[in-house]
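User: I would like to learn how to read the features of a protein model, one at a time. Please take the general idea before each case.

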Amino acid sequence: MQHIPPNGWDSNLPCMAIIKSRQTTLPLGNFLLWILLGVLTFPCCVHCLIFKVGVLGPWDCDSVYYRALPTAAARLAVSRINGDPSLDLGLTMDFIVLQEPCETSKALTAYIYYEHLADAFVGPTNPGYCIAASLLAKNWDKALFSFSCVTYELDLMLGHPTFARTVPFPPDVLFTVFKHFRWASSVVVSSNEDIWIDTAGRVTAALRRRGLPVGLVTAMGLNDTEVESTLRKIQNAGEVRVIIMCMHSILVGGEYQATFLTKAHKMGMTSGKYVFVPYDTLHFSMPYSNVSHFPLRNNSILREAYDAVLTITVASELLSFNEAFTAAKRSQEVTLPVQAEQVNPLFGTIYNSIYLLARSIHNARKAGMQLSGSNLAYFTKNTSFNGFNQKVQVDASREVKTNYVILDSDSRSSQLYQAYFVDLKAGELRFAGRSIHFPGGSPPKADSLCWFDENGICTGGTRPF
């Protein structure tokens, strides 16, 4: 087998990888020999099995994703899992970091060659090839635990039995927020990389599937002229309430979003008619308690523009991301010479995804089931555990119900504050103690409630009967 070197840590533990799906018929003599060896080495051999998780992402080709430190996140997760007395795994978890090229077609090609390098996968990060990746994982009988796939079809166990989500389905979070404010009409804008163009298309399809009108889906362009043209298209797209930005947030170093918001501000589009919503922050826990964000602190135009932005992110419960990362450094579980503020909080999502996989292994073993890909995806249900810096909860339908918050700013401060809690179990928002500061003093106009009625059809803002 060809060896593909990972960008990270690959264990050299002297044990065999666990084999689940391909069985070989052995001669009777060899079979009896294996039985004898098993008896002689039991029980230590059980814990000598290595279950290797492949962590897929564009770690080398995207500088913002690189700062998620996937190697450190995975190492921390498997170290804590292997030392967790509440987990009965009967094996040792290990990991390998696998590179996902930034071009979608090349990412899929690379993934095909990773079949024999891992027993299960966390990813892909690029939603453009999620369906293909899930079908391949089904054929391999290997679990695929994803935090970024944006297609409802993947939740159908009949067609995708080895697929599981590790965060709530982001369009469902958006729908809950939009329903509260009755903002039905939106546009979706991406930066120009494949990963974000594909994301924008799938977010659009998911929102339209929920019955919401998306008037425009487009890439922002490569230069000032193209960005301005894109913003003109948005202005001409009708009664738009929300601009969903599929690109790296400026809070984690997204330069394209900085360009987009700056141009929108200069064109007068951040004065209150529109709400801008970053999409990427739905996948991780953005630090927000007493945190001064560098891009806002050092750029007054961006700070003013960001007043029109509502940041929806995974709630920090007990600890913020920065506090949890600093604690891991203090205990020397993370030894990298970086500060928490320099790390992409996707670090915590990678950690949580691997831990959810470990909980599923535990649940499957407790039920007396084999560690097949479909069983591992199935046994994520009815699971809860303390993740990196929040509680992760999965219900009986395998839907992740981790809590979210809506963060806001006021154009003067570089800090964000909690405005609402997003209760996915109840499907509603709860006031968090401080009102949203809308530019101009009021939110964008509300759309008809019929857009959010599951039993009705809404056309042009009214019922067609």
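This is a predicted model: local features need pLDDT of at least 70, side-chain atom pairs count only at pLDDT 80 or more; totals for chains, interfaces and linings use all residues.

User: Which strands form the open sheet with parallel pairing, and in what order?

Analyst: Strands (E, at least two residues) and helices (H or I, at least four) are DSSP runs, numbered from the N terminus. Two strands pair if DSSP finds at least two bridges between them. Here five strands with parallel pairing give the open sheet β2-β1-β3-β4-β5. The edges are β2 (92-99) and β5 (163-165), each with a single partner strand, so one side of each has no neighbour in the sheet. Direction ignored, neighbouring strands of this sheet are turned by 25 degrees against each other on average.

User: How many bridges join β3 to β4?

Analyst: Three bridges join β3 to β4 (residues 143-146), and the two strands run parallel. Phe121 stands opposite Leu144 of β4.

User: Which strands make up the open sheet with antiparallel pairing?

Analyst: That sheet has four strands in the order β10-β13-β14-β15. Its edges are β10 (311-314) and β15 (428-431); each has a single partner strand, so one side of each is left without a neighbour in the sheet. From one strand to the next, the twist averages 35 degrees. Within the sheet, β14 (residues 417-423) and β15 pair in the antiparallel sense over four bridges, and Asp423 stands opposite Glu428 in β15.

User: How is the packing of helices read, and at what angle do α4 and α5 cross?

Analyst: Axes are lines fitted to C-alpha atoms, for helices over the stretch in contact, and angles run from 0 to 180 degrees between N-to-C directions. Angles under 35 degrees count as roughly parallel, over 145 as roughly antiparallel, 65 to 115 as roughly perpendicular and the rest as oblique. The axes of α4 and α5 come within 11 Å and cross at roughly 10 degrees, so the two helices are roughly parallel to each other. The contact (heavy atoms within 4.5 Å) is made by Leu108, Tyr111 and Ile112 of α4 with Ala132, Ala133, Leu136, Ala137 and Trp140 of α5. By class, this contact has eight nonpolar, no polar and no charged residues. In that scheme Ala, Val, Leu, Ile, Met, Phe, Trp, Tyr, Cys and Pro count as nonpolar, Asp, Glu, Lys and Arg as charged, and the others, Gly among them, as polar.

User: Where does α3 lie?

Analyst: Helix α3 (residues 70-82) lies across β1 (50-57) and β2, and runs at about 170 degrees to β2.

User: How are the span and burial of a helix read, and which residues of α7 are buried?

Analyst: The expected span of a helix is 1.5 Å times one less than its number of residues. Helix α7 (residues 194-209) has 16 residues and reaches 23 Å from its first C-alpha to its last, close to the 22 Å expected. Buried means under 20% relative accessible area, exposed over 50% and partly exposed in between, with a 1.4 Å probe and protein chains only. The buried residues of α7 are Ile195, Trp196, Asp198, Thr199, Ala200, Val203, Thr204, Ala206 and Leu207. An α-helix has 3.6 residues a turn, so residues three or four places apart point the same way. The elements covering the buried residues of α7 include α2 (63-66), α6 (170-181) and β6 (186-190).

User: Which backbone angles stand out in the loops?

Analyst: The peptide bond from Gly123 to Pro124 is cis, with omega near 0 degrees, and Pro124 is in the loop between β3 (120-122) and α5 (130-140). Phi of Gln332 is positive, near 65 degrees, in a residue other than glycine, and Gln332 is exposed at 64% relative accessibility. Arg398 also has a positive phi, near 70 degrees, but is buried at 13%.

Note on methods: Residues are numbered from 1 along each chain as its sequence is written. Side-chain values use heavy atoms; hydrogens and water are left out.
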